[in-house]
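Please look over the sequence and the model shown here before reading on. The text then goes through domains, the chain contact and the nonpolar cores.

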Amino acid sequence: MKDFIIPDDRDFGTPASHSDIAVTLTVDGIPVSVPAGTSVMRAAAIAGITVPKLCATDHLTAFGSCRLCVVQIDGMRGTPASCTTPVAEGMVVRTQTDEVARIRRGVMELYISDHPLDCLTCAANGDCELQDMAGAVGLREVRYEPGKNHFQRRENDEPNPEWRAKDHSNPYFTFDPAKCIVCSRCVRACEEVQGTFALTIDGRGFDSRVSAGMASDSFLSSDCVSCGACVQVCPTATLIENKVIEVGTPERIVKTTCAYCGVGCSFDAHMRGETVVKMVPSKDGKANRGHSCVKGRFAWGYATHAERILNPMIREHYTDPWRVVSWEEAIRFAADRLRAAQERHGRDSVGVITSSRCTNEETYLVQKLARAVFGNNNTDTCARVCHSPTGYGLKTAFGTSAGTHDFDSVEHTDLALVIGANPTEGHPVFGSRLRRRLREGAGLIVIDPRHIDLLDSVHRNDAIHLPLLPGTNVAVLTAMAHVIAAEGLYDEAYIRERCDWDEFLEYRDFLLDPRHSPEEVERQSHVPADLIRQAARAYAKAPRASIYYGLGVTEHSQGSTTVMAIANLAMMTGNIGKPGTGVNPLRGQNNVQGSCDMGSFPHEFPGYRHVTDIETRKLYEQAWGVPLSDEPGLRIPNMFDAATQGRFKGLYCQGEDVLQSDPDTSHVQSALANLDILIVHDLFLNETSNYAHVFLPGSSFLEKDGTFTNAERRINMVRRAMTPLNGHADWEITVMLANALGAGWDYGHPSEIMDEIALTTPSFSGVSYALLDREQSVQWPCNEKAPLGTPVMHIDGFVRGKGKFINTEYVPSEERTGGRFPLLLTTGRTLTQYNVGAQTRRTDNTVWHPEDVLEIHPHDAEQRGIREGDYVRVASRAGDTTIRAKITERVAPGVVYTTFHHPTTQANVVTTDNSDWATNCPEFKVTAVQVSPSNGPSEWQEQYRSHSELSRRILPAAE
Amino acid sequence: MQSPANASHPPNTPKVAVLDGEGLERLHAIIARHAGSEGPLLPILHDVQAEWGMIPEAAQPIIGSALGMSRAEVYGVVSFYHDFREAPAGRHVLRLCRAEACQSVGADALAEQVRGALGLDWHETSADGRLTLEPVFCLGLCACAPAAQMNDRLVGRATVQRVVALAEGAR
């Protein structure tokens, strides 16, 4: 082997082989050992030898079309392509001979004969593989006369019939067919990596061209979801980011982590000075493996959006206009009002809401602010309204409040059971990885009221869809367990070893009661009994079956019970603890897992240790040097209730828009209006800030150091790529506020905060920035027992000891349909928008989703005289709003569906204050509604809009 | 931030109106005939061409979703084969071979003369819809070059007179 360190961002030409058998060969006299199945090209790259190539990249399986990578192999005839030739023992490969040099030059000459020679003004100048290869093969002249070609707009004063105009339809990248060498990398990336199959090669021979969709389609009208995989693999300027065209080539790379969903993709921020030129998914990112979606890849322009607030502002009352002030004045004002509230209304009258979008370090500080400085446990996080049942349910069953497996595990699964999740829209990079596995032959079961896109995956294997009525998850899952128990499909050996057999027998007796039979449950859930049986058998019989679930499981009044039913299914079939199995919640936001880990909950310190636990409290009292309360604090809904009653007076809300994202908007509104001091710490004036007294401008993920923890417990580094436009990273702002209240904190860098977390939290004890810099990421628990973290949990036994079976009685939601409200409304997400839309609405992603719409079945629409695109009024027991209708069979009759990305529609005006019995997670997913034709905004919408305009006034800065 | 591209056409939606009504029923009948068979795409496309005389773009998304394919993939196959037409041909189709073996015995000159005699350029259909002239790359009749094809009938050692007579004789 050559004695040097291979930079890991090199392109090895073909993907790695995972064979255990080693094969030794020599390449240009250098011996190299590689796994069997490796290509000659990759073996050469591992030996440090670069074979010229155009159509090959290690993102994609070899294709063998460009013929530039030909080599000579002793004993083999001709000049085989090194990308498609697998290695063999004792093979002798020569990559540089006169013959291959001549062939390569000839091939390059042909490529260049149909390519414009405008390198100096080309957007890919300096980052073009065609240019590099022309250099590598020593191309010095092109003998071919200009003739028929694809790149000249006009030829001999005539329009060139082969020339095609650029496609500018996508807002983020441009397709210039004139520069295309038809290597098919883009088509293959769309198929293999993204799984959308939006691109193809149109025609053949000289007529071959890359085509998005069909003849009349553009990139925008095609199936393209703008994931950027094609742009990433394009070797020329044919597919290139508009920002690169605008700015030029980047000069440095900052490795960081996406701040959108819970997949937590690793990204390389390509910078020119303090300007982001492009965000490219890191090939070595362990969650995303070099892939991305439209949000992380392109929708980061909000960070420099004109509406971003960069200076602190205060006001006496929320109906006053904002006054721009100095940081000192704003912090002092906030601190004085908080102290005043506590003096007048007691120590427990103030609290904090931590953000699932901020870093672990920032979240840790905010909860510490409540506990150590306010002196109470009034800290909660938006996980309350999404995944709190996951924490509770999985901790009860397994002993840890987190998903059991890493995302790589999906590559080994034989069947994926997806419940109440829409991975291709909500968690797109995981969705692509799952779809790839479905194309390889894995089975799919979807339990969802809606026909989700995953069911339309191109070239997938068999799938079963259980289109249940919203709110009946527990009944359906228990019926599946009933079938498994009744037919003896459970894994007795596993249960005896890992769980309590007697407890299982009790659970089995519970299951076998006829009320849990598929026939009975069909009546409640509207899922045919036969489908429930098929699904149960498929799940139980698959050698390695995995469960992925989302908010369609948790945001119900039976959320915690459903999580337990899921855990039961996995345990009784032995599907925990080995690759390809597991119970994996798909977390909504980038750092939901982290914000839970960091003790954002009113009853738990960091690491899920109860506030009544004396040992833990002592530990923190020592570390923080103050006495701590052993009284669990207020949850978010309790804060609102207490505020309405006048007992809760002050709130510091970091990076969350509770008014838009929490249920029953009118109730939240009146609670916020009752506060003496509401501090909103965010990038933009959001809906919550309409009721705030202090606005502290936040910093974006591009402007600070820290860590995010994704859905697979992976702690990823977030690194500062540019100076905070608002002047301070978020953690510094919290420190200022705490110190104004007399805390005396002296953190110099987020790494010091992480050191404190590691010191006080057993499952993080091994974590440090030095470790993360070295390993890029680790999955907790990371401690003496697992110094490099834990990709798969519960391998040899459950964390709590024996896995616990819990009887999962179905208690129907109080929210019922009836004469006045005959339809069930359920809510979800789209691919291009994110949560309340504060970020994505300020990007070109609005091209795909300019407004929220209400999906309604043709039958229900016809009954009500509703046509496609009509404004309709959606009314529930809680409130009403208007929204445009979209008529589709994706939803079943009796069910309507919408998203909550836009504040003008405010879907949460209609959602109710029903919530999970254990954790108060609101029942977003089930609301009984009536839908009727409408001719304009509801009264609430009108009132809210005028209040919103009033409360967003900002006084001009004082002279 | 609405882009102008979006104002005219919704994203991720074909620009042609997807087949509906009676046409959709005919297409579903064709797809149903091939249900469960191995590699059904080409047989379906042949039947569609027999039914419509072409492969309507409006049919491609429906064929795709019936077979678990994307519409781009279907289009890739349709556009690969020159015999799948974007517009219906005339009642009769004359093909002249333009491949190397035929070229070596004067196919280019033959083609020039036939085009002149019929007053048709490549891919063109006569105004009365009677005849379409198509080039073809190899009919597998190299031993009898130059070769031509009039509808289903192959013509070896083709001459201008013979080809034009056949073409004009076809009503």
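What follows is a short tour of these topics.

This is a predicted model, in which local features need pLDDT of at least 70, side-chain atom pairs count only at pLDDT 80 or more, and totals for chains, interfaces and linings use all residues. Residues are numbered from 1 along each chain as its sequence is written, and chains are lettered from A and ligands numbered from 1 in the order in which they are written.

Chain A is assigned domain 1 (22-136), domain 2 (313-386 + 591-779), domain 3 (402-568) and domain 4 (823-950); such bounds come from an automatic or database domain assignment. Between the C-alpha centres of domain 1 of chain A and domain 3 of chain A the distance is 46 Å.

The contact between chains draws 29 residues from chain A and 24 residues from chain B, where two residues are in contact if their C-beta atoms, placed from the backbone, lie within 7 Å. On the side of chain A that touches chain B, the largest share, four residues, belongs to strand E8 (residues 199-202) of chain A. Helices (H or I, at least four residues) and strands (E, at least two) are DSSP runs, numbered from the N terminus.

The largest nonpolar core holds 215 residues, and A:Val476, A:Met480, A:Tyr539 and A:Ile566 have the most contacts inside it. Such a core is a set of buried Ala, Val, Leu, Ile, Met, Phe, Trp, Tyr and Cys residues joined through C-beta atoms within 7 Å; buried means that 20 or more other C-beta atoms lie within 10 Å of a residue's own. Helix H13 (residues 473-486) of chain A gives this core its largest share, ten residues.

Definitions and conventions:
A residue is buried if 20 or more other C-beta atoms lie within 10 Å of its own, exposed if 12 or fewer, and partly exposed in between; C-beta atoms are placed from the backbone.
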